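Hi there,

Here is the structure I promised to pass on.

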Amino acid sequence: MLAQLLCQYQDTPGGLLPLLQDIQEDLGYIPPESIPAIAEVMNLSAAEVHGVISFYHDFRTRPGARHLLQVCAAESCQASGGRELEQVARDTLGVDFGEKSADGAIELGRVYCLGNCACSPSVRIDNETYARLDGEGLKALIAGLRPGEGSA
């Protein structure tokens, strides 16, 4: 699949970001060993490709968990209970930001604005945003993501 994507974007001006997004969508991450091939096809240095990957926080270079839970850390969410949600998430999952739960089901992340300020505090799970959450609501969402504890 990687080779197919490389061919697809080879002659696309400004195609690096769409290429990286498609690789991550297909594989779940951008394998570090693919960076030299990406660089060659896009006529860039490996350092330039790595710089783009490391600049955008949504790109990952290692396999992620089955689900990504992102807690909004923007001012509106922080002022409306976001810090408490951060603590509930860390305590419930037993991890800190950037880490995966022991069962591999959930990775905890921080995001600096979900664009949902009028409904703070908010979290995003995979591609779904949840608003006006409290600690109990977040615990229920987390329970639903874990194998054997609900649907997800």
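**What turned up**

L17 lies in helix α2, which covers residues 16-27 (helices are DSSP runs of H or I with at least four residues, strands are runs of E with at least two, and both are numbered from the N terminus). Please keep in mind that this is a predicted model, in which local features need pLDDT of at least 70, side-chain atom pairs count only at pLDDT 80 or more, and totals for chains, interfaces and linings use all residues. Residues are numbered from 1 along each chain as its sequence is written, and side-chain values use heavy atoms, with hydrogens and water left out.

**Aromatic rings and a nonpolar patch**

L17 is partly exposed at 32% relative accessible area (buried is under 20%, exposed over 50%, partly exposed in between, with a 1.4 Å probe and protein chains only). Together with F55 and Y56, L17 makes a nonpolar surface patch of about 310 Å² (patch residues have over 30% relative accessible area and no salt bridge; nonpolar side chains are joined within 5 Å, like charges within 9 Å).

There are two aromatic pairs (ring centres within 6.5 Å; planes under 30 degrees apart are stacked, over 60 edge-to-face, the rest tilted). The rings of F55 and Y56 have centres 4.9 Å apart and planes at 90°, so they pair edge-to-face. Y56 and F59 are also edge-to-face, with centres 6.1 Å apart and planes at 80°. These ring pairs link F55, Y56 and F59 into a cluster. F55 is exposed at 63%, Y56 is partly exposed at 36%, and F59 is buried at 12%.

**Salt bridges**

The structure holds five salt bridges (a side-chain nitrogen of Lys or Arg within 4 Å of a carboxyl oxygen of Asp or Glu). One of them joins E107 and R62, with the closest N and O atoms 3.7 Å apart. This pair links distant parts of the chain, 45 residues apart: E107 is in strand β2 (residues 106-111), and R62 is in the loop between α4 (46-55) and β1 (67-72). E107 is buried at 7%, whereas R62 is partly exposed at 38%.

R110 forms a salt bridge with E86, the closest N and O atoms being 3.6 Å apart. Here strand β2, with R110, is linked to helix α5 (residues 75-93), with E86. E86 is buried at 8%, while R110 is partly exposed at 32%.

Best wishes

Key. Rings of Phe, Tyr and Trp (its six-membered ring) pair if their centres lie within 6.5 Å; planes under 30 degrees apart count as stacked, over 60 as edge-to-face and the rest as tilted. Accessible areas come from the Shrake-Rupley method with a 1.4 Å probe; for residues, only the protein chains shown count as cover.
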